[in-house]
Amino acid sequence: MTDSSKRPLAVFDLDNTLADTAHRQHFLEGRPRDWKAFFAGAPADPPLPEGVALALDSARGCEVVYLTGRPERCRRDTVEWLAAHGLPEGRVHMRSDADRRPARFVKLEILRWLAREREVRVLVDDDELVCDDAERAGFTVVRARWAARSAALEEAQEGEGRT
């Protein structure tokens, strides 16, 4: 049962929703993929204005929470990036370093967990499979389509469970 006395949640993805990963996607194009370099480049991601504006607007009526497929070892860089770009403070939910399930499974599990305690007003994510599964589960979704699509990133999200 959700607690209606607390503000609802607005849940935001990071990569290609708030942070533009275009400059580091080339690390995912070769074989083997260079995950270490891909994640090491995250602190240099430019913010995506559409996503940042939506997060700031959402913070007026909701508690902002971040839900990313990034591994836990990226927490410090991620939290510092959010603060450096003026995004609202909020809890950051990340996958464990060893979790290789597709993002759609990891994120839906966390969304359902969040929804047990609080109303989840919206999920904002660029991953179409995450969005599809969240909508089927009854969540309101905003599809972040303001970043350039990357076949390599999409394949990695679904096939390798890394982001």
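Contact here means heavy atoms within 4.5 Å. The model is predicted, so that local features need pLDDT of at least 70 and side-chain atom pairs count only at pLDDT 80 or more, while totals for chains, interfaces and linings use all residues. Residues are numbered from 1 along each chain as its sequence is written, and side-chain values use heavy atoms, with hydrogens and water left out.

**Figure 1. Overall fold of the protein chain.** The protein chain contains 6 helices and 5 strands, where helices (H or I, at least four residues) and strands (E, at least two) are DSSP runs numbered from the N terminus. In sequence order these elements follow the pattern β-α-α-β-α-β-α-β-α-β-α. Among contacts with a separation of 6 or more, 72% join residues 24 or more positions apart. The C-alpha trace spans about 50 × 30 × 25 Å along its principal axes. For 163 residues, a compact globule would have a radius of gyration near 15 Å, and the protein chain agrees with its 15 Å; this radius is taken over C-alpha atoms, and the globule rule is 2.2 Å times the number of residues to the power 0.38.

**Figure 2. Surface and burial.** The accessible surface of the protein chain is about 7,900 Å², and carbon and sulfur atoms hold 52% of this area. Accessible areas come from the Shrake-Rupley method with a 1.4 Å probe; for residues, only the protein chains shown count as cover. Of the 163 residues, 50% count as buried. Buried means under 20% relative accessible area, exposed over 50%, and partly exposed in between (1.4 Å probe, protein chains only).

**Figure 3. The largest nonpolar core.** A nonpolar core is a set of buried Ala, Val, Leu, Ile, Met, Phe, Trp, Tyr and Cys residues joined through side-chain atoms within 4.5 Å. The largest such core has 23 residues, of which Phe12, Leu18, Tyr66, Trp81, Leu82 and Leu87 touch the most other members. At least two residues of this core come from each of strand S1 (9-12), helix H1 (35-40), helix H2 (49-58), strand S2 (63-71), helix H3 (75-84), strand S3 (92-95) and strand S4 (120-125). Helix H1 supplies the largest share of this core, with 3 residues. Another core, of 17 residues, lies apart from it and has Val11, Val65, Val106 and Ile110 among its members.

**Figure 4. Leucine 82 and its partners.** Not counting residues up to four places away in sequence, leucine 82 touches Leu14, Leu18, Tyr66, Leu87 and Val92.

**Figure 5. Helix H4.** Helix H4 (residues 103-117) has 15 residues. From its first C-alpha to its last, helix H4 reaches 22 Å, close to the 21 Å expected at 1.5 Å a residue; the expected span is 1.5 Å times one less than the number of residues. The buried residues in H4 are Ala103, Val106, Lys107, Leu108, Ile110, Leu111 and Leu114.

**Figure 6. Surroundings of glutamate 63.** Glutamate 63 belongs to strand S2 and is partly exposed, with a relative accessible area of 22%. Leaving aside neighbours within four places in sequence, glutamate 63 is in contact with Arg7, Pro8, Leu9, Ala10, Arg91 and Arg118. The C-alpha atoms of glutamate 63 and valine 120 are 9.5 Å apart in space, although these residues are 57 residues apart in sequence.

**Figure 7. Cysteine residues.** The whole structure contains 0 disulfides, a disulfide being a pair of cysteine sulfur atoms within 2.5 Å. Cysteine 62 is in no disulfide, and the nearest cysteine sulfur, that of cysteine 131, is 17 Å away. Cysteine 62 is buried, with a relative accessible area of 5%. Cysteine 74 also counts as buried, at 8% relative accessibility.

**Figure 8. Backbone features in the loop between S1 and H1.** Most residues other than glycine have a negative phi, and most peptide bonds are trans. Asparagine 16, in the loop between S1 and H1, has a positive phi near 65° and is buried, with a relative accessible area of 3%. Proline 32 lies in the loop between S1 and H1, and a cis peptide bond with omega of about -5° joins arginine 31 to proline 32.

Figure 9. Valine 79 is in helix H3 and is partly exposed, with a relative accessible area of 40%. Arginine 60 lies in the loop between H2 and S2 and is exposed, with a relative accessible area of 67%. Arginine 60 and arginine 7 are 10 Å apart, C-alpha to C-alpha, and 53 residues apart in sequence.
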